[in-house]
Amino acid sequence: MTTTILTVDHVSKHFGHFQALNDVTFSINRGDIYGLIGENGAGKTTLMRLITHLSPLADGKITLLGESATHYQQALKHVGAVIETPAAFKKLTVRQNLKLTAIQHGIQDKHLIDQTIDFVGLSAKQKTKASHLSLGQRQRLGLALALLPQPDFLILDEPINGLDPSGIVAFRKLLKQLNQERNTTILISSHILTELYQVSTKFGFIHHGKFIKEVTKETLDKENESGILLGVSDVKLAAQLLDNDNIGSFTVLNDHQILIHNFSIDTAKLNQTLVTNGVAVTNITRQEGSLEQYYTNLLQHQGGNQQ
Ligand SMILES: Nc1ncnc2c1ncn2[C@@H]1O[C@H](COP(=O)(O)OP(=O)(O)OP(=O)(O)O)[C@@H](O)[C@H]1O
């Protein structure tokens, strides 16, 4: 059963005469890692600020963990967020910042502080004041503060900014780990689309304040013609064998090629099945279309990216 964590229903936001969000409607299911994509000024941060009540909601409705009105604040206790500058106290050390957050959330378990510092890779810096941390380390501290209360839903606005390449890899692992081991649902925005592609299960696109498209990673891969490209001597027989093997969705591209819309198949096993049944396999390769390309095409259909 899918549970909806967040529903944004016909939400608009004005700053004076300027409309930053225009009738935005979408929802996020439990377990999703939802990548939010849009140009500078598209409205991503504004949307995240509305969800977390950092900015007042005037038009539309937002339902968080089933709550939209009086108990919204209660629901927010299950949300961790890093939006814009992480909210650490500069004069306090890493550890003191976490202690303070623990007190604010009534967290008694002292090990949780150690675990969280370790989890974000700041053990060596736990006695360092927040003001003396590098940009990437401050990002990690912000994440630690958001993670400490073990939220069900994590909202991250451009969290990869300022991380070095190994930091980005560690961060990706960390998000996947949170999602898989703690079933944490994540809403994340980033302009680094290659990275966003690697972590997200679904993508939402915002353009000039409008929510223009939502696509699952699976559909995106299909539309991008991404998957395992199989070169075979007999496509008809190969297709039958793939069906018998319940390999999942695939497309016969031409007389010699089949595209399997699933990167996680066991290619060695597949090769063996085909060869044993008399199908010569000429090649098995990964074919990847990019999220960047998909986004560029989407913007072209929106009539370019003029302001
Ligand atoms: N407090 C404010 N007052 C006036 N305009 C605002 C305010 N906050 C945001 N805006 C405007 O709303 C629009 C959306 O801004 P927002 O920060 O949500 O964009 P974004 O998608 O997060 O962009 P970026 O990728 O650059 O971070 C921008 O044009 C911005 O100038």
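The structure is a predicted model, in which local features need pLDDT of at least 70 and side-chain atom pairs count only at pLDDT 80 or more, whereas totals for chains, interfaces and linings use all residues. Residues are numbered from 1 along each chain as its sequence is written.

The C-alpha trace of the chain spans about 70 × 50 × 35 Å along its principal axes. The chain holds eleven helices and 13 strands, where helices (H or I, at least four residues) and strands (E, at least two) are DSSP runs numbered from the N terminus. It is divided into domain 1 (4-215) and domain 2 (227-287), with bounds that come from an automatic or database domain assignment, and the C-alpha centres of domain 1 and domain 2 lie 40 Å apart. Of the 307 residues in the chain, 35% are buried; a residue is called buried if 20 or more other C-beta atoms lie within 10 Å of its own, exposed if 12 or fewer, and partly exposed in between, with C-beta atoms placed from the backbone. Two residues are taken to be in contact if their C-beta atoms, placed from the backbone, lie within 7 Å. Among the contacts in the chain with a separation of 6 or more, 68% are accounted for by residues 24 or more positions apart.

Helix α5 (residues 135-147) has 13 residues, which at 1.5 Å a residue should span 18 Å, and this agrees with the 18 Å between its end C-alpha atoms; the expected span is 1.5 Å times one less than the number of residues in the helix. Because ten of the 13 residues of α5 are buried, the helix is largely enclosed by the rest of the structure. These buried residues are Gln137, Gln139, Arg140, Leu141, Gly142, Leu143, Ala144, Leu145, Ala146 and Leu147, and they pack against β5 (79-82), α3 (94-104), α4 (110-119) and β6 (153-157).

When neighbours within four places in sequence are left aside, Ala144 is in contact with Leu98, Thr116, Ile117, Val120 and Leu122.

Two residues were noted for their backbone angles. Most residues other than glycine have a negative phi. Asp23, which is found in strand β2, has a positive phi of about 55 degrees although it is not a glycine, and with 14 C-beta neighbours inside 10 Å Asp23 counts as partly exposed. His208, in the loop between β8 and β9 (210-216), likewise has a positive phi, near 50 degrees, and is partly exposed, with 18 other C-beta atoms within 10 Å.

Phe203 lies in strand β8 (residues 202-207) and is buried, with 24 other C-beta atoms within 10 Å. Not counting residues up to four places away in sequence, Phe203 touches Gly35, Ile37, Glu214, Val215 and Leu220. Phe203 and Leu187, 16 residues apart in sequence, are 9.6 Å apart in space from C-alpha to C-alpha.

Gln302, in the segment after α11 (291-301), counts as partly exposed, with 15 C-beta neighbours inside 10 Å. Apart from its neighbours within four places in sequence, Gln302 is in contact with His207 and Ile212, whereas Gln302 and Ala239, 63 residues apart in sequence, are 37 Å apart in space from C-alpha to C-alpha.
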